[in-house]
Amino acid sequence: MQLLQSVLTRLFTTLITLIGVAVIVFFVIRVVPGTPIAMMLPPGATEDDVARLTALYGLDKSIPQQFLIWLSGTLHGDFGTSITTRQPVLALVLSRLPATLELSIMALVIATAIGGFMALTGTRLRGTKTEAAIDISNGMALSVPDFLWGLILILGFGVLIPIFHISGRISPSLDLPFTSNFYLFESVLRLRFDLWADIVAHMFMPALALAIPLAAIIGQLLKQSLKETMHLDYVTLARTKGYGENHVILHEALPNAILPTLTLVGVQFTFLIGGTVIIERLFSYEGLGNMAIDAVINRDLPLIQGIVILFAVIFTAVNLLVDLCYAALNPRLRHA
Amino acid sequence: MSYLTIRNLSANLKGRPDRILRNVSLQVAAGEVRGLVGESGAGKSMIGKAILGTLPLSIEITGGEIILDGTDLLKLPPAQRRTRIGQFCALIPQDPLTALNPSRRIGPQITNRLVDILRWTRADAEKRARELLAEVHIPDPERVMRSYPHELSGGMRQRILIASAFAAEPKLIVADEPTTALDVTVQKQILKLIAEMQARHGTALLFVTHDLGVVSKVCQSLSVLYGGLVLEDSRMTDFFHAPKHPYSRALLAATPKYTDPDGSLTPVPDAVVAATRAEVEAADRSAHV
């Protein structure tokens, strides 16, 4: 009952957040110089041509007027029409969303696996040279941003040892039987592991580039909180019962040490989704981020708004999910 | 025949000359309750930790033997040593608020040793846990076993930890200041409970404490520690009538008396502390020769 109430409260605050985001984005992109009309017309177009097109897209009206028109459309599920492609924004954005979701989730899985492994190994071998090596590599992974990792990976595993694809989402020569845009997911459902392998070979490097800094953060924080937990009395008590180091780390310390890490992963995951904008560009991966850059270059105002709103929805959804996980894992919150 | 024999046990801060334990020897007979007293830093808890194999990584044992039922624990490979300790020893920890895992229910925290280490069936282990909880006077054991630690009071939790310590019918229990973290009113009950359980199960008990009042109530013999050195090893009655060591005498005089609530507190005299410290240093010198 209380859970339902807190979820409803969160949904309400989310709605307010989204309206705030919408207002800010709408006005900011209209204040910055440059119009979509200038981008669309060939050189030598007359003043009349400009005026005609401006009126066609409703850009001759005042900004508050434009906002009201856009808002009322949005509330009815109509996010407007993309100026550059002349397609409905909602359909465009939703067609690209699966690609970005698959990439982000794959990055999250990789980051959790690497980070978790580092933290557990570092805790198991605390005080040894291995732990020091893990600390140093964590520091290095953290101090290099994701797009640089992208370039390094392209150079390493795309050029020098070409085992992964460096651009696109899937090889263009393949016949696609897919009915949705969740290629990775659907390839598994259809048991087409040949396609699955090709998709993974495309996704792996961008996902890894996004994952490396997050893996370092997870590794560092989880190791720190594991080390603190290992000194607590209930861990000592478990040792006296005859349990070995591995059991003590995994069963006694980890369930408690993971809580602070979980909160951080939620926050960092939203940064990771932000990171897809540049990484998708770098790997020519056809997701939302890549579309966002094109939209900004072409001043495709409705499309920019649609993408930003969608990102905001994802961010709040992720944070809600993290809070729910936290409550599920922490018995002290379940009844409180 | 003593169940636990510690012979010449020495421990150091790893890689440094700081000595934590200096040739400690003591014995606990089967079913005996031995007190281990000393001020903070005397090394009394370290002896308990050395027996149970939970010394911090920064401390290493540099010599001696810990013989449990005829086997020197220090000569066993780590895994065997752990299982042996899990089977025959148990710990009653100091702080009941931190000694239970906050993310697990009480039931599994009592039964896990029986199921995982001693290979009982889950049903047997749960039946045993219910019996034990009733034995430590916990009403409604079923409900408590399904509870999380944060739903229970400190006194309840200490009762649970005592029950859990007796679960596998250990031969030796180390009680590490088991009443220090509790309210005075609860302290007495818990002390009575430990004595009651010990008598019923006939378990040898090593009672680590800084409180001579507590020792006088439950112990049959005691060892007095200072600076990691055993100063005195006496029967309880002998100790209270005629303590052998000057430091013990001063310690006894410093214990506040319930019969004289207005009496001022007597510290251990500086001269006694200085003499005892000199004795510890002398022991070090003779060890080096």
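Which side chain meets that of A:Asp294 in a salt bridge? The side chain of A:Arg281 does, at 3.0 Å from N to O; a salt bridge here is a side-chain nitrogen of Lys or Arg within 4 Å of a carboxyl oxygen of Asp or Glu.

## Basis of the model

This is a predicted model, in which local features need pLDDT of at least 70 and side-chain atom pairs count only at pLDDT 80 or more, while totals for chains, interfaces and linings use all residues. Residues are numbered from 1 along each chain as its sequence is written, chains are lettered from A and ligands numbered from 1 in the order in which they are written, and side-chain values use heavy atoms, with hydrogens and water left out.

The pLDDT is the predictor's confidence in each residue, from 0 to 100. Chain A has a mean pLDDT of 89, and 99% of its residues reach 70 or more. Within chain A, confidence is highest in helix H5 (residues 89–124), at 95, and lowest in helix H14 (residues 331–334), at a mean of 73.

## Chain A as a whole

Chain A contains 14 helices and zero strands. Helices (H or I, at least four residues) and strands (E, at least two) are DSSP runs, numbered from the N terminus. The C-alpha trace of chain A spans about 85 × 55 × 40 Å along its principal axes.

Of the 336 residues in chain A, 46% are buried; buried means under 20% relative accessible area, exposed over 50%, and partly exposed in between (1.4 Å probe, protein chains only). Contact means heavy atoms within 4.5 Å. Among contacts in chain A between residues at least 6 apart in sequence, 71% join residues at least 24 apart.

Helix H12 of chain A covers residues 288–297, and its buried residues are A:Leu288, A:Gly289, A:Asn290, A:Met291, A:Ala292 and A:Ala295. These buried residues pack against H5, helix H11 (245–282) and helix H13 (301–329) of chain A. After H12(A) comes A:Arg299, with a positive phi near 50°.

The salt bridge of A:Asp294 and A:Arg281 joins distant parts of the chain, with A:Asp294 in helix H12 and A:Arg281 in helix H11 of chain A, 13 residues apart. A:Asp294 is partly exposed at 34% relative accessibility, and A:Arg281 is partly exposed at 32%.

## Other salt bridges

Over all chains, the structure holds 25 salt bridges. In one of them, A:Arg10 pairs with A:Asp323, the closest N and O atoms being 2.3 Å apart. This pair links distant parts of the chain: A:Arg10 is in helix H1 (residues 2–31) and A:Asp323 in helix H13 of chain A, 313 residues apart. Both ends are partly exposed, A:Arg10 with a relative accessible area of 26% and A:Asp323 with 39%. A network of salt bridges links A:Glu131, A:Asp135, A:Lys223 and A:Lys227.

In chain B, the side chains of B:Arg128 and B:Glu169 meet in a salt bridge (3.1 Å, N to O). B:Arg128 lies in helix H4 (residues 122–135) of chain B and B:Glu169 in the loop between helix H6 (154–166) and strand E7 (172–176), so the pair ties together parts that are 41 residues apart in sequence. B:Arg128 is buried at 12% relative accessibility, whereas B:Glu169 is partly exposed at 37%.

## Two loop residues of chain A

A:Ser82 is in the loop between helix H4 (63–75) and H5 of chain A. A:Ser82 is buried, with a relative accessible area of 0%. Leaving aside residues up to four places away in sequence, A:Ser82 touches A:Gln87, A:Val89, A:Leu92, A:Asp300 and A:Leu303.

A:Leu191 lies in the loop between helix H8 (183–189) and helix H9 (193–230) of chain A. A:Leu191 is exposed at 59% relative accessibility, and its phi is positive, near 60°, in a residue other than glycine.

## Strands of chain B

Strand E1 of chain B (residues 2–13) has nine of its twelve residues buried, so it is largely enclosed by the rest of the structure. E1(B) pairs in the antiparallel sense with strand E2 (residues 19–29) over seven bridges and with strand E4 (residues 59–68) over eight bridges; two strands pair if DSSP finds at least two bridges between them. B:Leu4 stands opposite B:Val28 in E2(B), and its bridge partner in E4(B) is B:Leu68.

The hairpin of E1(B) and E2(B) has five residues between the strands, and B:Gly15 there takes a positive phi near 70°. Strand E2 of chain B also holds B:Asn23, which has a positive phi of about 45° although it is not a glycine.
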